[in-house]
Amino acid sequence: MTTVRFVNGDEGPVEVDVEPGTTLLQAAQRAHAPEGSACGGVCACSTCHVHVRQGLGLLSEIEDEENDILDKAFDVVATSRLGCQAKVLREGLVEVVITRESYETWYNEHPKERHERDERLKASRG
Ligand code: FES
């Protein structure tokens, strides 16, 4: 079993345990983490872009198609992956940061949750 922890810029982390072969996007959906997926997970949009902070070696290798799509993403770093393409293969802890592009896409597709998030952020800022 592998634990996948999702972090984004505005909220605390959420975690989920997954079986080998699970993509980071599938893990995010199980954890109710706000990771975008505008193309539905077919490697065509880059809105599932995450930065892997820990456990990069536990994931499947990056392939050419994923690299091509990552070229279109904002804020690409050496540990960037597309959540719909990166599969968990080995046991351990994987921690990923959901990029701003990705979680803003998710919230744009989930207006109720976006409103609730905005209210939480407003309240926390006093
Ligand atoms: S969901 Fe579109 S590239 Fe991953």
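Start by selecting helix α3, residues 100-109, where S102, Y103, T105, W106 and Y107 are buried, a residue being called buried if 20 or more other C-beta atoms lie within 10 Å of its own, exposed if 12 or fewer, and partly exposed in between, with the C-beta atoms placed from the backbone. Helices (H or I, at least four residues) and strands (E, at least two) are DSSP runs, numbered from the N terminus. This is a predicted model, in which local features need pLDDT of at least 70 and side-chain atom pairs count only at pLDDT 80 or more, while totals for chains, interfaces and linings use all residues. Residues are numbered from 1 along each chain as its sequence is written.

Next, select the strands, which form an open sheet of five in the order β2-β1-β5-β3-β4, with mixed pairing; two strands pair if DSSP finds at least two bridges between them. At the edges stand β2 (14-18) and β4 (80-82), and because each has a single partner strand, one side of each is left without a neighbour in the sheet. From one strand to the next, the twist averages 35 degrees.

Now zoom in on β3 and β5, which pair in the antiparallel sense over four bridges, and find Q54, which stands opposite E95 in β5.

In the loop between β2 and α1, select G21. Is G21 buried or exposed? G21 counts as exposed because it has 10 C-beta neighbours inside 10 Å. If you also select A44, which is 23 residues from G21 along the chain, you will find their C-alpha atoms separated by 20 Å.

Finally, show the whole protein, which has four helices and five strands and which, read along the sequence, follows the pattern β-β-α-β-α-β-β-α-α. Along its principal axes the C-alpha trace spans about 45 × 30 × 25 Å, and buried residues make up 32% of the 126 residues.

Note on methods: Axes are lines fitted to C-alpha atoms, for helices over the stretch in contact, and angles run from 0 to 180 degrees between N-to-C directions.
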